[in-house]
Amino acid sequence: MMDRPHTVHSMRVGSTGRGLIECVGDTDRLQWLDGAPRERVAAIRAIAAYAHRRKRHFFMYSTCPGDAAVARRLGLLARPGYMMALASETRHEPTVRGWATMSWHVQSGDRL
């Protein structure tokens, strides 16, 4: 997250987690979240509350189905989205065709 056009700061969350938040306009974008899976709900809650206390909007995305459920339980708006996989070479096409059956965990900062 170096040389970003917007301010990025690291936030320790719980005993095992760390979030990278990019401040864009009036929105805190959660770009990366790590830590123990058992602390994920509390981490998302803490980061969203942090943005709220600062009178900022909160944004994140994820391919983890549980994250949308967590967002709704926390009173956040969860909107479905789309992900595209493009094979850069012909030999990668079989992998790309089967992407929906693979284990994916894509976060906001995981973009090309």
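**Figure 1. Surface and overall make-up of the predicted protein chain.** The accessible surface of the protein chain comes to about 7,900 Å², by the Shrake-Rupley method with a 1.4 Å probe. Carbon and sulfur atoms hold 56% of that surface. The model is predicted: local features need pLDDT of at least 70, side-chain atom pairs count only at pLDDT 80 or more, and totals for chains, interfaces and linings use all residues. Residues are numbered from 1 along each chain as its sequence is written, and side-chain values use heavy atoms, with hydrogens and water left out. Of the 112 residues in the protein chain, 29% are buried (buried means under 20% relative accessible area, exposed over 50%, partly exposed in between; 1.4 Å probe, protein chains only). The C-alpha trace spans about 50 × 30 × 25 Å along its principal axes.

Figure 2. The chain has three helices and four strands. These are DSSP runs numbered from the N terminus: helices are H or I, at least four residues, and strands are E, at least two.

Figure 3. Helix 1 covers residues 40–53, 14 residues in total. Its first and last C-alpha lie 20 Å apart, close to the 20 Å expected at 1.5 Å a residue (1.5 Å times one less than the number of residues). Arg40, Ala43, Ile44, Ile47, Ala48 and Ala51 are buried. Just after helix 1, Lys55 has a positive phi of about 60 degrees.

**Figure 4. Ile47 in the largest nonpolar core.** This core has 13 residues. A nonpolar core is a set of buried Ala, Val, Leu, Ile, Met, Phe, Trp, Tyr and Cys residues joined through side-chain atoms within 4.5 Å. Leu30, Leu33, Ile47 and Phe58 have the most contacts inside the core. Helix 1 gives the largest share, five residues. Leaving aside neighbours within four places in sequence, Ile47 is in contact with Met11, Val13, Gly19, Ile21, Leu30, Leu33 and Phe58 (contact means heavy atoms within 4.5 Å).

**Figure 5. Asp67 in helix 2.** Asp67 counts as buried, at 7% relative accessibility. Beyond neighbours within four places in sequence, Asp67 is in contact with Arg40, Ile44, Met60 and Ser62.
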